[in-house]
Amino acid sequence: MNSDAYLYETVRVSLLEMIASGALGPGDKAPSLRRLASAMRVSLSTASQAYARLESEGVLEARPKSGFFIRGAKSSLPIPDTGVSSGPDPSAPPAPLNRAELIRTVLANMSRRDTLPLGVARTAETLLPLNQLNRILGQVLRDEGERVGFYGSVEGHEPLRRQIALRMMEAGAECGVADTMITAGAMEALHIALRCVARAGDTVVIATPSYYCFLHMLENMGLRVVEVPSRPDGGVRPADIAQAVDRFRVAACVLTPNFNNPDGALMPEEAKAEVVSLLAARGVPLIEDDVYGDMHFGPERPKCCKAFDREGMVLHCSSFSKTISPGYRVGWLLPGRFMNKALEIKATINVSTATPTQMAVAEYLRSGHYHRHLKRLRPAVKAHMEAMYALVGRHFPQGTRATRPQGGSVMWLELPGQVDTVAFMNRALEHGITVAPGAIFSSQDRFGDCLRISYCIPDAARVEAAVALLGSLAKDMIA
């Protein structure tokens, strides 16, 4: 990065950090270009370039003769109910899953390259360090020679496992290299974890709404589920978990305690500790998905459930797909007391994870790039969330409910008037926009009037036009 580009990026990140810290909020006026240039000792041209980029990303809004303002809305939308008042009942009998056909349809639509993917839970390429990561990969290929072409160990590349073990300290978990294994993304980690503790016909407890790929995986494995409600303002409650595991013979519990997909719910630390304790006392393993843990908007990274594990009963799953690259397919699993079984299963799936990408990510972490990248990524994603929240409030029909996540990349909406969001998805697709209908996030016939949208797409003009169109469609379907 040349000096001019470095200065421009420094100005941009500085303003994003002011927004993330709360020093500047939605609707506030940003410092004038001259004031900012003087304060940061950069040229007016550099400050102007940074503001132009932030405007294109949807963070700032230029108002004629008034300057730049932080985009967003001070007003709040009501929080989605998620059906907590009417279910699901944690004491309801375990149910088989039957969402495969609808999920396949949704996945097929989301993979189309000719659409604006508001229904895809991903971080836009422009927010990821792909060029830097690719340069490191090229260096690895040149320097490591034949090593990159051989099978790696089943456990994974040791330098990468060491870096992950160090990073887990920030999440509150103490682990070593021997406790860590590398997987091809978080989904493989979850698959291995489930196979370690459950088999066809067993029952598992999951939150609802829950990531539809979890449901798809559970269905393919022949597992039955008991759903417990996830509340946008606190996630699952320990009492609901206890009620479910005390009533039924449960093989495992699967949760995303940090920024649950799709509702963005964050469990309080006390609730995490209580869930880990009550499950361990009953001999029930907890499978934890923590892919969004590093994408928090607050000053501190929330602890993972693994931080409270004293019995080795938490199987912690995560990846770098949301923060640096989905295509590198680098994830990890901390299987606790189930390590030997996990290694056995991993060896029968694909022997080992791809060697070149493991080496590249290890070097990326070792050199400190990841830490610096997260300092830029978090405030940028938070700003995009606030911008999307404001757009929904501006364009969607009155009575729309929406979450305002504290991290992650997705927002959960509940539409008024009992709008069928599967039909809504099909109408949006006709206009080149994908959304994820609420029905795919539960094993039951629930959330038919809800949908999930992603806010990690920094194309402000295109996103605003799309949200305005979606709001118009929703109004038409209510009328």
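Here, "buried" means under 20% relative accessible area, "exposed" over 50%, and "partly exposed" in between (1.4 Å probe, protein chains only). This is a predicted model, where local features need pLDDT of at least 70, side-chain atom pairs count only at pLDDT 80 or more, and totals for chains, interfaces and linings use all residues. Residues are numbered from 1 along each chain as its sequence is written, and side-chain values use heavy atoms, leaving out hydrogens and water.

**The sheet**
- Going E3-E9-E8-E7-E6-E4-E5, 7 strands make an open sheet with mixed pairing; strands (E, at least two residues) and helices (H or I, at least four) are DSSP runs numbered from the N terminus, and two strands pair if DSSP finds at least two bridges between them.
- E3 (181–183) and E5 (224–229) sit at the edges with a single partner strand each, so one side of each has no neighbour in the sheet.
- E4 (203–208) and E6 (252–255) run parallel over 3 bridges, and valine 205 has cysteine 253 in E6 as its bridge partner.

**Salt bridges**
- There are 18 in total, counting a side-chain nitrogen of Lys or Arg within 4 Å of a carboxyl oxygen of Asp or Glu.
- Glutamate 269 and lysine 272 meet at 3.2 Å, N to O; both are in helix H10 (269–281), 3 residues apart.
- Glutamate 269 is partly exposed at 29% relative accessibility, while lysine 272 is buried at 0%.
- Glutamate 170 pairs with arginine 378, with the closest N and O atoms 3.8 Å apart; the two residues are 208 apart in the chain.
- Glutamate 170 is partly exposed at 38%, and arginine 378 is buried at 16%.
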